[in-house]
Amino acid sequence: MSLLELKNISKSFGDNKVLTDISLSLEEGEIHSIIGENGAGKSTLMKIIGGIYTSDGGEILINGSQVHLHNPIEAYKAGIGIVHQELSVADNMTVAQNVFVNREPVNFLGFVDWKKLNANTEKEFKKIGIYIKPDMLVHNLSVGMQQIVEIVKVLSQEVKILILDEPTSALSDKETQNLFELLFKLRAQGTLIIFISHKLNEISQISDRVSVLRDGKYIGTLNKEEIDENRIISMMVGRELDNLYPHKAKSRNGQVVLKTEHLSRNGKFDDVSIEFKAGEITGIFGLVGAGRTEFAWSVFGADRIDGGKVFYEGNELNLKSPTQAIKNGIAYLTEDRKRLGLFLGMDVKDNAIASNVDAVTNKMGILDNSKIYKITQKYIDSLEIHPNNCEDSKIYNLSGGNQQKVLLSKWLAANPRVLIVDEPTRGVDVGAKSKIHNILRQLADSGMTIVMISSELPEILGLSDRVAVMCEGKLIDVMENDNLTEEYVLTKAFNKGGAK
Amino acid sequence: MKKFLAMILAVTMVLSLAACGKSSEAATSGEKREEELYSMVVFTKGAEYFNWCYAGMQDAAESIGDFIKVELQGPAEWDASQEARAVETVLAKKPNGIVVSCADESTLIPSINKAIESGVPVICFDSDSSESNRLSYVGTNNNTFGAVAGKAIVDTIGTEGEIAIIMVPGAVSMEERAQGCIDYLKENAPNVTYTVLNDEGDVAKAEQVTSALLQSNPNIKAIFSTHGYGAPGAAAACRTLNMVGDITIIGSDYDSATIELLKSGDIAGTVIDDPYLLGYEAFMLSYAAAHPTDVLSGNAPFGHVPPLIFGSCSLLTGKVLEDPAAAARYENPPKIN
Amino acid sequence: MKIKNPTIKKILNKINWHYLVLSVFILVIFIAMSVQSKHFMTLANMEILINNFIMEAIMALGMTMVIISGGSDISISGILPFTAITFAYMMLGNVPVALAAVAAIIVGGLIGLINNELRRLLNIHPMIVTMATQLTLKGLNLAITGGSVVAGFSEDFQKIGGFKPLGLSLAIWAYIVLAVFYVLFSRNNRLFLNVYFVGGNKDAATLSGMNAERVLRFVYVASGLLAGLAGVLSTTVYNSASYSFGQNVEMKVITAVAIGGTSMTHGGEGSICGTLLGTLFMALIYNAFVMSGISTYYQDVFTGSMLVVAVLLSEGVRAIKAKSALQAEA
Amino acid sequence: MKNKNKHYAVNGRSITLLIIIAVIFVAMSLIKGELFYSSNNISTIFANLSYDLLLACGMTFVLILGGIDLSVGSVLAFTGIIVTMLLRGGMNVILALIIALLTGLACGCLNGVLISKFNIAPFIATLATMSILRGLSYVLTSGFFIVGLPDSYVSIARGYIFGISNKIIISLSIMIILGLLSTRHKAFKQMFFVGGNSDTAYFSGIASAKTKILGYGICGLLATVSGILMTSNFGMGQASFGTGFEMRAIAASVIGGASMAGGEGNFIGTALGVILVALVNNVFIMFNGSPNWSTAISGIMLLVAVALDLLRTKYKSKKGRK
């Protein structure tokens with residue numbers, strides 16, 4: 001009987017299936033790595049185990065008895081602790097307070113015993129060989145340290161099942177090694193450690209078993225002796241081509257529209273020099289923490305630049321804000337549709353014109369409703385947004401795919417010369433996906449410069465004319481996309497033994 | 001009649017006091033007299049009525065000598081508790097006397113008594129706090145005040161019909177004025193019925209409630225506002241309903257706005273006491289109380305003051321104001337510093 | 001300001017500039033006033049100075065926690081008179097004082113609870129909810145009392161107002177106890193600390209297995225209880241209760257808290273000590289204006305401007321801090 | 001489908017309010033008859049709510065921006081005093097009006113700057129300006145009424161056009177114009193964007209600071225208009241004008257469908273909110289009910305409105321999921 005057993009776990013958000021009957025059994029005292037491309041469903045699965053999501057179908061058994069976890073509190077009670085990918089620390093509190101939040105040693109008055117608290121905190125940190133002032137405010141810490149605080153917070157709870165979702169993405173090598181030492185200790189004590197990472201070398205270094213997910217499906221599990229990076233890669237790739245990709249660019253000698261030289265942003269990405277040509281789709285591939293989105297933000301003027309230059313049609317550009325970027329014909333389609341992309345509470349036509357209101361206003365600044373409807377209808381037809389009379393429906397009533405299409409039309413309405421799309425088909429159904437691909441190609445053919453950031457290898461290879469690969473903030477390579485293989489690109493992305 | 005006599009008596013007494021105050025000052029002119037401070041504490045500081053009172057106090061003080069300093073204190077809100085605090089804070093300055101107009105009967109009692117115990121004479125004016133140990137009350141008999149209004153109404157609308165009385169509940173002076181009016185009607189025009197409106201002492205609100213009432217109840221012939229803001233509000237209401245003239249509006253007290261409305265004929269009249277005089281007398285009493293004579297007074301250690309001074313009240317109408325002399329008296333509000 | 005020396009930097013970071021500047025302000029006013037008026041620096045006046053802002057001071061304690069939790073409670077100006085009136089009527093009904101007081105305070109707490117539950121169920125901004133309760137209560141107060149003052153209590157009740165153990169009024173004693181309690185608990189007690197956590201990052205709090213809603217309930221109930229206490233105390237002090245009590249008190253309280261450096265933009269920041277300073281500042285201003293005889297009309301202008309200055313100050317401080325932190329990181 | 005969306009999503013709250021108002025109206029007409037539905041009574045109700053209407057209108061902008069403005073009452077009093085004092089000083093009416101309006105605009109913009117540039121919480125920033133302006137009003141007048149205004153000025157509010165009070169015409173027309181613009185004009189549209197999701201707005205290249213300053217500026221401007229109407233209606237300026245109006249304005253806009261979260265609010269709703277509150281007060285007096293309750297009523301109505309809205313959205317999202 002295994003410590004944690006998952007039986008046919010399924011989960012879907014709206015009409016978008018994220019997990020399809022995942023069955024896994026994990027033993028106590030093992031480090032079990034879960035690997036898969038972005039969007040393979042790893043985090044979702046972990047959130048279900050951690051009681052943050054509840055699964056649509058299937059059951060979770062701990063020591064053979066079924067458990068129902070509806071919130072983190074219950075999960076902790078069941079001995080499950082998660083180190084989340086996104087930070088969940090309160091940066092207005094001290095390190096110690098964050099680590100022992102709501103578990104501080106208190107006396108009968110509920111008064112916190114600060115000495116003890118800080119001592120305990122230091123002890124917890126010593127376990128991973130880190131010294132830190134427990135009474136330091138978290139917002140004075142680097143992101144890496146904040147991540148460690150996060151980890152220590154969970155570790156300090158003596159959990160039977162410890163889930164680490166991309167714990168090392170922000171850690172230095174030394175910190176990482178210390179963390180591993182600790183994990184080994186915990187394993188020895190019989191803790192089950194579920195480890196999610198994009199760093200193959202780490203995985204092969206520490207895992208007892210590795211399970212691979214792809215497209216929300218369980219592919220297989222490798223035992224210690226079977227673990228081999230190439231094998232893992234071959235299991236990860238080969239996502240079935242859910243659609244036919246459009247033709248490639250006719251010519252690859254378009255004029256260079258956008259160019260960066262040694263572009264850097266402290267702690268985000270470093271020394272990126274790359275050219276983007278008109279009429280081409282340049283795919284940027286990379287795994288979590290590769291710095292692709294951060295790069296895009298800096299180019300788009302949404303984040304500052306610490307070093308290097310951006311050239312637009314030959315002359316230097318220093319953008320203070322997205323407003324200026326848009327004026328210059330640079331558009332950025334965000335990966336975070338809900339937070340940064342769309343106005344969920346507003347209707348489709350409003351969203352469609354949001355980034356280029358001037359186009360539909362006269363000199364008096366009066367909006368021309370007929371124009372708005374015309375434009376919206378145009379995109380509704382050309383992008384096949386459903387329902388086809390949704391000009392006035394609120395965004396939140398649309399499916400993910402259609403939301404994404406609206407987001408795209410918002411940027412097309414701004415008729416840019418350079419279009420940076422970040423994960424253009426994330427959380428989007430098959431039909432919408434291929435539609436979006438075709439649109440992007442058409443735009444490229446019409447002379448637009450397309451930059452496509454994506455974590456889906458098939459998409460990258462299927463659509464882009466050139467492929468740039470980033471890893472941990474560095475640009476590894478830019479390759480013409482002729483007979484590139486997924487293995488090759490992925491290997492680059494893992495940057496095995498590469499520049500570091 | 002008795003009251004009237006009492007008033008005459010008191011006034012003369014005070015004036016004589018003031019006179020001897022003056023003479024003594026004249027006698028001791030030459031060496032500098034030690035500075036004295038007298039504070040006036042009011043609720044709704046900034047109401048024009050109290051500005052008149054304060055002006056009276058200022059001039060009275062000046063008439064005695066420049067060694068006397070006076071000040072106006074009190075909250076802008078109609079909040080008795082805040083006024084009580086103002087009294088206590090003023091007390092800390094160890095003034096020679098305090099004159100106060102009370103936001104309500106009871107709330108200021110502790111503060112007033114505290115002042116008396118600590119040897120600072122307190123004179124109430126305009127609105128009394130009779131339960132407290134205040135030495136004296138200078139004011140208007142608000143019942144008479146209301147009666148004057150009642151008479152004015154009956155004179156115009158006759159002994160039949162319905163009237164409205166605007167007031168802010170809880171304000172003693174207003175309740176007494178309303179009561180006085182009602183009593184008068186009971187005696188002299190029993191067929192006149194009345195309804196009471198609350199306008200929260202706000203002009204806009206006054207317009208709202210009166211216009212609503214005039215709509216719902218066409219028999220309303222006259223409106224009596226027991227405070228200064230009501231009349232302008234009611235007048236505005238009549239204007240919007242173009243009922244100007246159909247409704248007899250009797251206001252209370254006078255301020256530049258009311259005067260204007262009187263002259264334009266938007267309101268028929270306003271019952272007035274003499275805030276300037278109240279302030280003047282109140283100060284004189286406090287001064288007297290602060291300067292006991294060798295003859296022990298009834299309320300030693302304080303000086304001789306009468307327990308009660310009632311100022312007269314009369315009806316001010318547009319006709320009265322046609323006489324420039326009279327108009328001059330009301331039109332230009334006094335400077336206060 | 002470029003400071004290279006790290007130790008100096010450390011010290012500079014240690015200092016709470018906001019409180020420092022505020023204290024300096026207070027000190028300056030104190031000195032100026034003592035020079036200006038011989039009656040200012042007297043025990044009597046100090047007592048009055050405190051007495052005159054005591055109700056606000058008491059409620060400011062609760063308000064601080066509310067604002068730290070990321071909300072606001074403007075219903076207190078309805079609760080204060082309401083509980084005052086409830087208490088007064090119970091007194092007239094010959095309910096034993098202690099019992100009546102407790103009951104009235106609990107009523108305040110219940111209203112706080114209602115605030116919170118409405119906020120949770122309707123999931124609308126606390127400002128709106130508390131505004132609704134405020135308006136409702138103000139109406140009730142007017143309607144219940146018909147606008148007239150509730151007074152005429154028994155002789156020995158009236159003594160309570162004057163009852164001064166060690167020369168300090170009950171209200172001041174209550175405040176001293178509460179202030180000490182709040183300072184200690186807000187810095188040490190787990191529940192109070194959780195308020196900071198929830199204000200700082202509600203999701204993090206929940207992910208860390210904290211019941212954020214429970215924390216918020218505590219915050220609003222506490223605020224209600226304190227407003228209730230203030231109401232009861234007012235009745236004992238003035239020997240009466242009226243719907244007119246505590247007008248705009250919520251604004252004064254929030255001003256005091258904001259001047260004390262508790263931020264409405266960044267939840268989870270601020271402290272009771274800051275509020276104590278802010279309260280003292282407000283009380284001082286009021287007293288100073290009356291003392292100096294400067295027309296109190298200028299008082300609003302002054303406090304308003306001070307509010308802006310204070311908030312700008314704390315914003316500026318945090319901006320500089322953030323910058324230095326960045327430099328440290330880089 | 002399309003209409004349905006318009007119907008529910010855009011105006012759901014307004015519909016509810018309209019129904020409630022209609023019900024009250026019919027009921028009153030049946031009970032009180034002529035007294036109530038006489039054109040006179042109706043026009044009076046409107047004339048009296050014109051001030052609130054303007055303030056609530058401005059407040060709606062601010063709420064759409066996700067902010068709040070406590071200073072409207074003080075702006076009303078302050079600008080009212082400015083204009084009356086200027087006129088007292090014998091200044092030409094038009095000029096005085098312009099100066100007053102500019103002052104009001106400036107006050108509003110000041111709020112906007114404090115909030116958007118200096119990142120002060122709207123509540124605090126406007127609380128500060130609220131007390132500053134109220135104080136200044138008293139300092140300027142030391143409490144005296146300011147009277148002796150020229151007829152040309154007084155007639156602004158007292159006059160009639162086609163037998164309709166100017167107050168109604170002015171306030172309603174401003175309301176309607178802004179109401180129409182709010183959805184049709186670029187600047188106003190962007191307020192919805194900024195209030196709806198400031199991050200998305202930023203990524204869509206919308207200058208949020210400018211938009212906010214504009215919003216608060218308009219709020220101040222409308223407060224000024226309201227102040228001008230009030231002073232000319234009563235023929236006097238007074239420092240205590242507009243005390244406590246801010247709460248009424250907020251209540252009305254929220255009843256009308258605006259939310260503190262921002263991005264929501266429509267002017268029909270706000271207008272209906274104001275009307276509803278005024279109507280209920282009117283009904284109270286019609287029945288000689290104690291007006292003491294009026295404050296309580298607006299509070300309770302506020303809660304009921306919000307609760308109703310919550311139920312509606314709950315119901316809608318259920319339908320949405322199906």
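In chain B, helix α9 is followed by Gly265(B), which has a positive phi, near 80°. Helices here are DSSP runs of H or I with at least four residues, strands are runs of E with at least two, and both are numbered from the N terminus. The model is predicted, and local features need pLDDT of at least 70, side-chain atom pairs count only at pLDDT 80 or more, and totals for chains, interfaces and linings use all residues. Residues are numbered from 1 along each chain as its sequence is written, while chains are lettered from A and ligands numbered from 1 in the order in which they are written.

Helix α9 of chain B covers residues 256-264, and its buried residues are Ala257(B), Thr258(B), Ile259(B), Glu260(B), Leu261(B) and Leu262(B). Buried means that 20 or more other C-beta atoms, placed from the backbone, lie within 10 Å of the residue's own. The buried residues of α9(B) pack against several elements of chain B, among them α8 (230-240), β9 (248-252) and β10 (269-272).

An automatic or database assignment divides chain B into domain 1 (2-134 + 274-306) and domain 2 (142-272). Nine residues of domain 1 of chain B are in contact with nine of domain 2 of chain B, contact meaning C-beta atoms, placed from the backbone, within 7 Å.

Between chains, 30 residues of chain D are in contact with 29 residues of chain B. On the chain D side, α3 (39-64), α11 (208-234) and α13 (267-286) each supply at least two residues. Of these, α3(D) gives the most, with six residues.

Definitions and conventions
Contact = placed C-beta atoms within 7 Å. Buried ≥ 20, exposed ≤ 12 C-beta atoms within 10 Å, placed from the backbone.
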